[in-house]
Amino acid sequence: MFEQLDNEALLSALTTERSAFTRSDPLLLRLMIEELIRRKVYPTDTVEGNPNSVVTMVEGWGARWHEWRPPFECQHCHCDLRDYRTGPPFKREIAVTDFVRDHTVDYRCPDCDVSLLAGATAWKRVLDDSDP
Ligand SMILES: [Zn+2]
C-alpha cells in the first residue's frame, strides 16, 4: 500500500498523519508504523530501558523518534550524550528549567556539568525548538 513512498516520504507522511490529531486515521497510522518496521526503518520494539511501545513513541515523540538529534557529544569533555539505555530520541543532557517561566533556559552536560549552550549554535537551535 505504501510501495510508491520511499522511507523518507513514508516518515513525512506519518508526520503529517500524526499531526492531524482527531482527524487522523488510527488504522492508517498503524499500517504506516508496521510498514516502517517491515522496512527496518523502525526496530520491532523499543530497547529494554524504554517502557513505551513503538506506537506510543510515534504518538508522543513523532515519526522521527527513532533518531537521536545532534549534537551527539559534549563540546567540553566530548562525552557521548546519547542515552543508550533508553535508546533514541533520549539523550543524557540535563535540562535546566526556569519554573517561574515554565521554560527551559539551559542544558548541562551530565558528565562535566558545563553548560552545553556555551559557544554552541547547535544547542541554541535545540533550545529555540523547545519554545512553546
Ligand atoms: Zn561534558
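Biologist: What makes the span of α2 close to the one expected?

Modeller: α2 has 13 residues and reaches 18 Å from its first C-alpha to its last, close to the 18 Å expected at 1.5 Å a residue. The expected span is 1.5 Å times one less than the number of residues. This is a predicted model, in which local features need pLDDT of at least 70 and side-chain atom pairs count only at pLDDT 80 or more, while totals for chains, interfaces and linings use all residues. Residues are numbered from 1 along each chain as its sequence is written, and side-chain values use heavy atoms, with hydrogens and water left out.

Biologist: Which residues of α2 are called buried, and why are they said to line one face of the helix?

Modeller: Leu-29, Met-32, Ile-33, Glu-35 and Leu-36 are the buried residues of α2. Seen down the axis of α2, these residues fall within an arc of 160°, so they line one face of the helix. The arc is taken over the directions from the helix axis to the C-beta atoms. Pro-26, Leu-27 and Arg-38, on the other side of α2, are exposed. Buried means under 20% relative accessible area, exposed over 50%, and partly exposed in between, with a 1.4 Å probe and protein chains only.

Biologist: What do the buried residues of α2 pack against?

Modeller: They pack against α1 and α3. Contact here means heavy atoms within 4.5 Å.

Biologist: What makes Asp-25 a cap of α2?

Modeller: A side-chain oxygen of Asp-25 lies 3.0 Å from the backbone nitrogen of Leu-27, at the N-terminal end of α2. A polar contact is a pair of N or O atoms within 3.5 Å; within protein, one must be able to donate a hydrogen and the other to accept it, and residues adjacent in sequence count only if both atoms are side-chain atoms. At the start of α1, a side-chain oxygen of Asp-6 comes to within 3.2 Å of the backbone nitrogen of Glu-8.

Biologist: How do you know on which side of α1 its buried residues lie?

Modeller: The buried residues of α1 are Leu-10, Leu-11, Leu-14 and Glu-17. They cover an arc of only 125° around the axis, which puts them on the same side of α1. Their cover includes α2 and α3.

Biologist: How are α2 and α3 packed, and which residues meet?

Modeller: α2 and α3 pack at an angle of about 115°, with their axes 10 Å apart. Arg-30, Ile-33 and Ile-37 in α2 meet Val-54, Val-55 and Val-58 in α3. The buried residues of α3 are Val-54, Val-55, Met-57 and Val-58. Seen down the axis of α3, they fall within an arc of 165°, so they line one face of the helix. The buried residues of α3 pack against α1 and α2.

Biologist: Is Arg-92 buried, exposed or partly exposed?

Modeller: Arg-92, in the loop between α3 and β1, has a relative accessible area of 27%, so it is partly exposed. Its side chain is joined to that of Asp-111 by a polar contact of 3.2 Å. Arg-92 also touches other residues, including Cys-79, Leu-81 and Pro-110.

Technical notes. Helix = DSSP H or I, 4+ residues; strand = E, 2+ residues; numbered from the N terminus. Axes fitted to C-alpha atoms, helices over the stretch in contact; angles between N-to-C directions. Lists of a residue's contacts leave out its neighbours within four places in sequence.
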